[in-house]
Amino acid sequence: MKKFYRFFASMLLVGLLAACGNEDKDPHVNEPIELTISAAASLQDALEELKTTYEKEHNTIKILYNFGGSGALQQQILQGAPADLFFSAAEDKFDALVKNEIIDPKLGMDLLANELVLIVPKNNEKQIQSFEDLKQAGKIALGTPETVPAGQYGVETLKNSQLWESLESKIVYTKDVRQVLTYSETENVDAGIVYKTDALVSTKVEVVATADERTHTPIIYPVGVIKNSKYVQEAEDFYHFLQSDEAMDVFKKYGFKGAQ
């Protein structure tokens, strides 16, 4: 009988130790690392394709995107919003984070370049064929220049073309460049100013003119790692992937050029 009790007690102890061992296991140990990338809205199509490629090759990483106007994203990061990388459509928005020591310049670079174009709905009722023809438009969509770099470049172009004063009252401001595209596609406006890359992904608009590069600040896309990222090494790995030939081929497919 005593042997039975000793056996029962030892089995009970083994069970308790096993239960304690299970409690000590981290339930999240097999969950992928989530990297949050705050990126300009104009990068959406290219980055979504690159996400698929990267996650297939790195099954421990999950890429989460936060797309929007670069100025709005910059402000979010300045105010402490979680992000591991910032991919801006304007150098000044990026440089502000470097100046505030949120991005280490050693882990940041100018990666892409873009062009600014004038788009119209397919039916083009106002027969707009140039920036000069915008005088015929009733409404023109443009990103809010304070937060949307494409809007800032658009204002520069119109001012340097001596068109701003006659067109300012016709401007419909948007939260990002993709909203300009949507307004143009749905004929809520007669024309819009977007990046070449945005126009290329739509079958519902037509590009009628490209802005002279001399009329606006160079359109450069810098990318960099956020210093206080919880996953600095993983963020750095993705940062280097974005510079790879494989990634650059995808960017070029969507109309981007290399910044170098």
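Contact, in this talk, means heavy atoms within 4.5 Å. With that cut-off, D45 touches R178, V201 and Y254, not counting residues up to four places away in sequence.

Before I go on, the basis. This is a predicted model, in which local features need pLDDT of at least 70 and side-chain atom pairs count only at pLDDT 80 or more, while totals for chains, interfaces and linings use all residues. Residues are numbered from 1 along each chain as its sequence is written, and side-chain values use heavy atoms, with hydrogens and water left out.

Now the overall picture. The protein chain has 10 helices and 11 strands; these are DSSP runs, H or I of at least four residues for helices and E of at least two for strands, numbered from the N terminus. Of its 260 residues, 45% count as buried. Buried is under 20% relative accessible area, exposed is over 50%, and partly exposed is in between, with a 1.4 Å probe and protein chains only. Taking contacts between residues at least 6 apart in sequence, 78% join residues at least 24 apart.

Back to D45. This residue sits in helix α2, and D45 is partly exposed because its relative accessibility is 25%. Its side chain makes a polar contact with the side chain of R178, at 2.4 Å. A polar contact here is a pair of N or O atoms within 3.5 Å; within protein, one must be able to donate a hydrogen and the other to accept it, and residues adjacent in sequence count only if both atoms are side-chain atoms.

Next, the annotated site. Which positions does UniProt give as "binding site"? The unreviewed entry lists S42, S70, A150, V177 and Y195. UniProt positions are in the numbering used here, feature names are shortened, and annotations may be inferred rather than shown by experiment. The five span 154 residues in sequence, but no two of their C-alpha atoms are more than 13.7 Å apart, so they gather at one spot. From this set, S42, S70, V177 and Y195 are in the lining of the largest cavity. The cavity is found on a 1 Å grid over the protein atoms alone, as a set of points where a 1.4 Å probe fits but cannot get out; lining residues have an atom within 4 Å of a point.

Two of these residues in detail. S42 is in the loop between β1 (33-40) and α2 (44-57), and S42 counts as buried because its relative accessibility is 4%. Setting aside neighbours within four places in sequence, its contacts include V177, R178, Y195 and D198. S70 belongs to helix α3, residues 70-78. Is S70 buried or exposed? At 1% relative accessibility, S70 counts as buried. Among the residues S70 touches, beyond four places away in sequence, are A40, F86, K93 and P149. The side chain of S70 also reaches the backbone nitrogen of A89, at 2.9 Å.

On to the sheet. Strands of a sheet pair through backbone hydrogen bonds, either parallel or antiparallel. In this model, an open sheet of 5 strands runs in the order β7-β6-β8-β5-β9, with mixed pairing. Two strands pair if DSSP finds at least two bridges between them. The edge strands, each pairing on one side only, are β7 (171-174) and β9 (205-210). From one strand to the next, the twist averages 35°. Strand β5 (residues 116-121) runs antiparallel to β9, and 5 bridges join them. Within that pair, L118 stands opposite A209.

Helix α7 (residues 177-185) packs on this sheet and touches β5, β6 (140-143), β7, β8 (191-195) and β9. The direction of α7 makes about 145° with that of β8; axes are lines fitted to C-alpha atoms, for helices over the stretch in contact, and angles run from 0 to 180 degrees between N-to-C directions.

Another strand to look at is β10, residues 220-226. How many of its residues are buried? The count is 7 of 7, so β10 is mostly covered. Strand β3 (residues 85-87) pairs with β10 in the antiparallel sense over 3 bridges, and L85 stands opposite V225. Strand β4 (residues 103-113) also pairs antiparallel with β10, over 6 bridges; there D110 stands opposite P222.

Last, P32, in the loop between α1 (2-24) and β1. Its relative accessible area is 39%, so P32 is partly exposed. P32 touches N59, T60, I61 and K62, not counting residues up to four places away in sequence. From P32 to N59 it is 27 residues in sequence and 7.3 Å in space, C-alpha to C-alpha.

Terms used:
1 Å grid on protein atoms, 1.4 Å probe; cavity = no way out; pocket = protein on both sides within 12 Å on 5 of 7 lines; lining within 4 Å.
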